[in-house]
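Come and read along with me.

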Amino acid sequence: MQVTETLNEGLKRGYAITVTADELDAKVNEKLAEAQPEVEMKGFRKGKVPMPLLKKQFGQRILGESMQEAIDGAMSKHFEDSGDRPALQPQVKMTNEDWKEGDDVQVEMTYEALPDVPEVDLASIEVEKLVAKADDASVDEALASLAETAQDFKARKKGSKAKDGDQVVIDFVGKVDGEAFEGGAADDYPLVLGSNSFIPGFEEQLVGVKVDEEKAVEVTFPEEYGAENLAGKAAVFDVTVKEVKEPVAAEIDDEMAKKFGAEDLDGLKGQIRERLEAEYAGAARAVMKRGILDKLDDLVSFDLPPTLVDAEAKQIAHQLWHEENPDVEGHDHPEIEPDEEHTKLAERRVRLGLLLAELGQKAEVEVTDAEMTQAIMAQARQYPGQERQFFDFVRENPQMQQQMRAPIFEDKVIDHIAGQAKVTEKEVSKEELQKAVEDLDEE
């Protein structure tokens, strides 16, 4: 087997690989010899089929396997000997397309090698970590917001008309073709107008009703309605309005706190303070992470694989185009060509990605099974009732696993860097922290 270098420009590499006919024939014979003891053929005892007959029967199929294994072996040995790591899957093509049995196999392999990443003195990195505390005003603001979500309803003045968002207490009987149907009646039913909890068109017709008013509400059941006997049918609901109530925020007291799982109001305030400070810590970490990445970007410079940069630039351009054109959901649009800004951002991302990967590898950073399971569970919650299907999808999809593993790995490497760097804490207000986060989006 011969491997000859044909290209060495920057990170681009090219090699001509020749597998001789004798090497290929020897590999075929080796495979046939391994299989011979188990082969049965009419007229011969098991394991006694002559080699020439085996070769005639199975040679062509084994020839293809042997050719692929020989090429794969040559590539593996090349990467082991050279130390090269391809940025993407190498491109391999057979150059003697008129090949026939008995000829040497000639293959061309091209790829872009990952660059050597320079050493970085992490202890030389200085970064600021913002620290914000949840003050009483922020806690009170969050409490007021909770009170609105835990709203109660109080009766409007007699004769008031129901508005969207009000609660009406009603008796109703639904009829199709003049006949009442099962499940279509209730007494003292509290319905919030605008909640869309009833058939489309039902709640809108009750806006403006008063206490003691009777109203015939005409609706049509949706075609996909669960009960087949009602799907697509026109119906009339005879409604009697018994109460009209307006929404009011809940009283901020121990009773409200118990609705949110706290023992009393002080307990709820403590929970809110912890939640706010956890949010602040997450925001501060995002700011610190950007600071670390900016420092690293200033510290290192090395050649980048053009294909990785091009692919990243196209992805950035495509993503930004969709953000600017939210009405286009699919990919049926003209090809998006990246501009200079897209390429510049792509170079930063590729450079930092390669650097973080190198730092993580040297620090032996790993994503544990428990961390992956936690990440999958968190994402599965976005698909209520389909959690198991999502788990199965991720388990059977290596690319999806890598997409979920990458950000976890990156965060762990950032933690490793922060542990080596000089980190100075700076106490700031909530507003100052928010401004720092907003500045991240503008860069």
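**Rings.** I began with a rule: rings of Phe, Tyr and Trp (its six-membered ring) pair if their centres lie within 6.5 Å, and planes under 30 degrees apart count as stacked, over 60 as edge-to-face and the rest as tilted. I also noted that this is a predicted model, where local features need pLDDT of at least 70, side-chain atom pairs count only at pLDDT 80 or more, and totals for chains, interfaces and linings use all residues. Residues are numbered from 1 along each chain as its sequence is written, and side-chain values use heavy atoms, with hydrogens and water left out.

Which residues do ring pairs link into a cluster? I found Phe-172, Phe-181, Tyr-189, Phe-198, Phe-202, Phe-221, Tyr-225 and Phe-237. In the whole structure I counted 13 aromatic pairs.

I looked up Phe-79 and Tyr-111: their ring centres are 5.1 Å apart and their planes stand at 65°, so I wrote down edge-to-face. This pair links distant parts of the chain, 32 residues apart, with Phe-79 in helix α2 (residues 51-82) and Tyr-111 in strand β4 (residues 105-112). For such names, helices (H or I, at least four residues) and strands (E, at least two) are DSSP runs, numbered from the N terminus.

Next I checked how covered these residues are; buried means under 20% relative accessible area, exposed over 50%, and partly exposed in between (1.4 Å probe, protein chains only). Phe-79 is buried at 16%, and Tyr-111 is buried at 5%.

Then I turned to Phe-221 and Tyr-225, a tilted pair with 4.7 Å from centre to centre and 55° between the planes. Phe-221 is buried at 3% relative accessibility, while Tyr-225 is partly exposed at 34%.

**Salt bridges.** I used this rule: a side-chain nitrogen of Lys or Arg within 4 Å of a carboxyl oxygen of Asp or Glu. How many salt bridges does the structure hold? My page says 31.

Glu-358 forms one with Arg-85, and their closest N and O atoms are 3.7 Å apart. I see that this pair links distant parts of the chain: Glu-358 is in helix α7 and Arg-85 in the loop between α2 and β3 (91-94), 273 residues apart. Is Glu-358 buried or exposed? Glu-358 is buried, with a relative accessible area of 16%, whereas Arg-85 is partly exposed at 37%.

Asp-297 and Arg-351 also meet in a salt bridge, at 2.9 Å from N to O. Asp-297 lies in helix α5 (residues 265-299) and Arg-351 in helix α7, so the pair ties together parts that are 54 residues apart in sequence. I noted Asp-297 as buried at 17% and Arg-351 as buried at 16%.

**Phi angles.** Most residues other than glycine have a negative phi. Asn-196 has a positive phi of about 55° although it is not a glycine. I located Asn-196 in the loop between β8 (179-192) and β9 (214-220), and it is exposed at 63%. Glu-364 has a positive phi near 60°. Glu-364 sits in the loop between α7 (340-362) and α8 (369-380) and is exposed at 67%.
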